[in-house]
Amino acid sequence: MNICVFLSAADLDERYTRPAREFAELLGKGGHTLVWGGSDVGLMKVVADGVQEAGGRLVGVSVEFLSAKARPGTDEMVVARDLAERKALLLEKADAVVIMVGGTGTLDEATEILELKKHGHTAKPVVLLNTAGFYDGLKEQFRRMDDEGFLPVPLTDLVFFAEEPVGALAYLEESLGTQ
C-alpha cells in the first residue's frame, strides 16, 4: 500500500517523534511505501528513516523552493512547481492518507483531502493520528461541524481518528483489504 503521510518538517519533542518512529517502523515492516513531502529534516526525516530502516519504500514529492532539503537516496523523488501541484501529486501516488502532527501546511493538506472526500472526488481512507492529544481541538471542531449540519456526509465517512500508530495502520489495512 502507498501511504501518504502529511506531517511537520520541524524538529519536535520525543512525545511526537516516538509515535512517528513507531508508525514508520510498522509501515516499513508491513512492506508499504511512504509517500511524503520528501524533506530530509525534522519529523519528515524521522518517519522516512524509520520506513527505510524497516524495509519500506520511499516516494518523495518535494517542491522547487524546498528542493535543497529533499532527501537523497529515495526510491522515487519528484519536484513539483508549487504547493498545489505537490498536494495533487502526493494524493495521486497514494492509496491512503495519514495526517500526523504538523503546522499550517499539514492542516492545509488535511482539509484538502477531507474536502475531496466530502464531494466524492476520492474514496481513499484518511486517518488523523492524534498523537499526544495534538488534534483534540480539531477533533472537537469536526464533531461540532458534523453535529450542527455543516458536513453533507457523516464525519466517520471522512476520517478515522486514531490515538496510536498501530490503530492507524490497522484501520488502513482493513479499509483496503491488505491485512
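Set aside its neighbours within four places in sequence, and Val-5 is in contact (heavy atoms within 4.5 Å) with Phe-23, Leu-34, Val-35, Trp-36, Val-98 and Met-100. Keep in mind that this is a predicted model, where local features need pLDDT of at least 70, side-chain atom pairs count only at pLDDT 80 or more, and totals for chains, interfaces and linings use all residues. Residues are numbered from 1 along each chain as its sequence is written, and side-chain values use heavy atoms, with hydrogens and water left out.

**Cores**

- Val-5 is among the residues with the most contacts inside the largest nonpolar core, along with Ile-3, Phe-23, Leu-34, Val-47, Val-98 and Met-100; this core has 28 residues.
- A nonpolar core here is a set of buried Ala, Val, Leu, Ile, Met, Phe, Trp, Tyr and Cys residues joined through side-chain atoms within 4.5 Å.
- Buried means under 20% relative accessible area, exposed means over 50%, and partly exposed is in between (1.4 Å probe, protein chains only).
- At least two residues of the core come from each of β1 (2-6), α1 (14-29), β2 (33-36), α2 (42-53), β5 (96-99), β6 (126-129) and α7 (165-175).
- Helices (H or I, at least four residues) and strands (E, at least two) are DSSP runs, numbered from the N terminus.
- α2 gives this core its largest share, six residues.
- There is also a second, separate core of 24 residues, and Phe-6, Val-61, Ile-113 and Tyr-135 are included in it.

**Strands around β5**

- β1 and β5 run parallel and are joined by four bridges; two strands pair if DSSP finds at least two bridges between them.
- Phe-6 has Ile-99 of β5 as its bridge partner.
- On the β6 side, β5 pairs in the parallel sense over three bridges, and Val-98 has Val-127 as its bridge partner there.
- To get from β5 to β6, the chain goes through helix α4 (residues 104-118), making a right-handed β-α-β crossover. Right-handed means that, with the strands pointing away from the viewer, the path from the first strand over the helix to the second runs clockwise.
- Within β5, Ala-96 and Val-98 point one way while Val-97 and Ile-99 point the other, and all are buried.

**Gly-37 and Arg-86**

- Gly-37 sits in the loop between β2 and α2 and counts as buried because its relative accessibility is 6%.
- Not counting residues up to four places away in sequence, Gly-37 touches Met-44, Val-61, Ser-62, Arg-86 and Leu-90.
- Arg-86 belongs to helix α3 (residues 83-92), and among the residues it touches are Gly-37, Ser-39, Leu-66 and Ala-80.
- Arg-86 is buried yet has no salt bridge; Glu-109, the nearest side chain of opposite charge, is 4.8 Å away. Lys and Arg count as positive and Asp and Glu as negative, while His and the chain ends are not counted.

**Salt bridges**

- The structure holds 15 salt bridges, each a side-chain nitrogen of Lys or Arg within 4 Å of a carboxyl oxygen of Asp or Glu.
- Glu-22 and Arg-18 form one of them at 3.4 Å, N to O; they are four residues apart in helix α1, so about one helical turn separates them.
- Lys-29 and Glu-25 form another at 3.0 Å, N to O. Lys-29 is exposed at 61% relative accessible area, whereas Glu-25 is partly exposed at 39%.
- Asp-40, Lys-45, Asp-49 and Arg-71 are linked in a salt-bridge network.
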